[in-house]
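Subject: Handing over the structure

Hello,

Here is the structure I promised to pass on to you. Please open it first, and then read my notes below alongside it.

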Amino acid sequence: ATLTNTGKEVYALLEPADVLYKHAWLFRQGWVDESADELDDDDMDFQKRDQRIRGLRVKAIKDVFTQKGFDGLLALAEQGKASWQIGLLLSQALEVSNIVHFLRYLLQKTHDENGDIFNKKNLISGPLHSIDDQAIQAGIIDEVTRDQSDKDIALTLSLAPFRSATWKLVDKSNSDIQAAYWKDAIPDTHRLEKNEIYEAIERLIKAERPRAAFECIKYQLGKEFDAVTLYRLMSEIAKSKNEKSDEFRLEDYYIDKVFKCISESDELSLEQKAGLEFAYIDILSRPWSSRQEYGIPNLELYVEKHPEVFVQSVVLAFRRNDEGVDPPEVKTSSENSVRIAERAYKLLTGMKRIPGHDEFNELKADRLADWIKTVRHSCQESARGDVGDICIGELLSAAPIGSDDIWPCEPVRQVMEEL
């Protein structure tokens, strides 16, 4: 105890006089490292520790503001990596009127050409997110944006919580501010209610940002959502050309989940489901992947019912074996020919369902034989008979084991013997 007391006395003597340096350790990064005593304490209450650190940080922010004002608060944020945490705690450290004046001060500072705008944005966004009362929040935004430029108003709104209360404020603004907001708004999906998710999707699709709209829903796919809305959203993403593909990435895991939701719906036709799966075949058709995936089940069903689609894929993916010329309806433009051929090939290699099932989903040899006969005949007419047979063979290689534990299953064996 004597050594500890002595250490505290030495620490007090060496403590910096400048309030920024005095409290720098609290804001060096987003968290505060444990002390040696805390690391040795096996029974430490982390919740109480967090509360203590939060209290120290709030007191530090008050001290900095009292001694150095707004410049000091900005300096405190810029000397460490905890500007977001400082922003969140401003609502506990400052009066609402001071928060308003500080945010107006920060908006002007964002105009500095040589300044770091990242910390300023965090300081603006933090208090707007930490205040749960939407009326107080809206009042702060109104005061902060009063007499500001359209650019600064749009920036403030984009840093406010991504919720319907903010969107109502956006709707009251002029068309330029509305366009700027929906062009740059970053979805915060964890606080959205279900009705807000639907609203956000509609608004972001209208702003030609369907990938951002998908961000609103991907973490909520375990819940029940309207399959028609999901279908429309995924269709818009497939058609979108203006949105940056690297801003909101489409992870395979969430693509699989949304397609499972769409596939289970009775509100969409098989043709609609199959067409959407083909639009995402680069993601869905992964024949060499080791994990269980969604695949292209509706597209497989559609090809089973429409063997001409399989033939068309063979025609698009492979060249003729003679000197003839394909008819105009199967020709593609030169700039798209490689891309289309790749997608057609992925359809051929991605199919795992053997055609020829009846209404009870049982594979029948006669149905499979008719399907193969149709495909072989059309491939031969298109001068792709040999490669067509290879594609059929690859498809049949995915056949399951038969009831007698022999591969392939009985209907496939029977058809192969008859070929």
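How many aromatic pairs does the count come to? The count comes to 15 aromatic pairs. Please keep in mind that this is a predicted model.

One of these pairs is formed by F102 and Y105, whose rings are stacked, with 5.9 Å from centre to centre and 20 degrees between the planes. You will find both residues in helix α6 (residues 96–109), where they are 3 residues apart, or about one turn of the helix. F102 and Y105 are both buried. They also belong to a cluster in which ring pairs link F65, F70, F102 and Y105.

Another pair to look at is W167 with W182, which is tilted: the centres are 5.8 Å apart and the planes make an angle of 50 degrees. This pair links distant parts of the chain, since W167 lies in helix α10 (residues 164–172) and W182 in helix α11 (residues 175–184), 15 residues apart. Why does W167 count as buried? Its relative accessible area is 0%, and buried means under 20%. W182 is buried as well, because its relative accessible area is 8%, again under the 20% cut-off.

Rings also meet charges here. The charged end of K194 sits over the ring of F225, at 5.2 Å from the ring centre. R343, in turn, lies over the face of F278, 4.9 Å from the centre of that ring.

Now to a pair of helices. The axes of helix α13 (residues 210–217) and helix α14 (residues 227–239) come within 8 Å of each other and cross at roughly 145 degrees. The crossing of α13 past α14 is left-handed. Which residues make the contact? On α13 they are P210, R211, A213, F214 and I217, while α14 contributes L230, L233, M234, E236 and I237. Sorted by type, the residues of this contact are 8 nonpolar and 2 charged, with no polar ones.

Last, a glycine in a loop. G295 lies between α17 (281–284) and α18 (297–305). Is G295 buried or exposed? G295 is buried, because its relative accessible area is 18%, which falls under the 20% cut-off. From G295 to I281 the C-alpha to C-alpha distance is 8.7 Å, and the two residues are 14 residues apart in sequence.

Enjoy looking around, and do write back with any questions.

Best wishes

Definitions and conventions
Residues are numbered from 1 along each chain as its sequence is written. This is a predicted model: local features need pLDDT of at least 70, side-chain atom pairs count only at pLDDT 80 or more; totals for chains, interfaces and linings use all residues. Side-chain values use heavy atoms; hydrogens and water are left out. Rings of Phe, Tyr and Trp (its six-membered ring) pair if their centres lie within 6.5 Å; planes under 30 degrees apart count as stacked, over 60 as edge-to-face and the rest as tilted. Helices (H or I, at least four residues) and strands (E, at least two) are DSSP runs, numbered from the N terminus. Buried means under 20% relative accessible area, exposed over 50%, partly exposed in between (1.4 Å probe, protein chains only). A charge sits over a ring if NZ of Lys or CZ of Arg is within 6 Å of the ring centre and within 35 degrees of the ring normal. Axes are lines fitted to C-alpha atoms, for helices over the stretch in contact, and angles run from 0 to 180 degrees between N-to-C directions. A crossing is left-handed if the near helix is turned anticlockwise from the far one by less than a right angle, and right-handed if clockwise. Contact means heavy atoms within 4.5 Å. Ala, Val, Leu, Ile, Met, Phe, Trp, Tyr, Cys and Pro count as nonpolar, Asp, Glu, Lys and Arg as charged, and the others, Gly among them, as polar.
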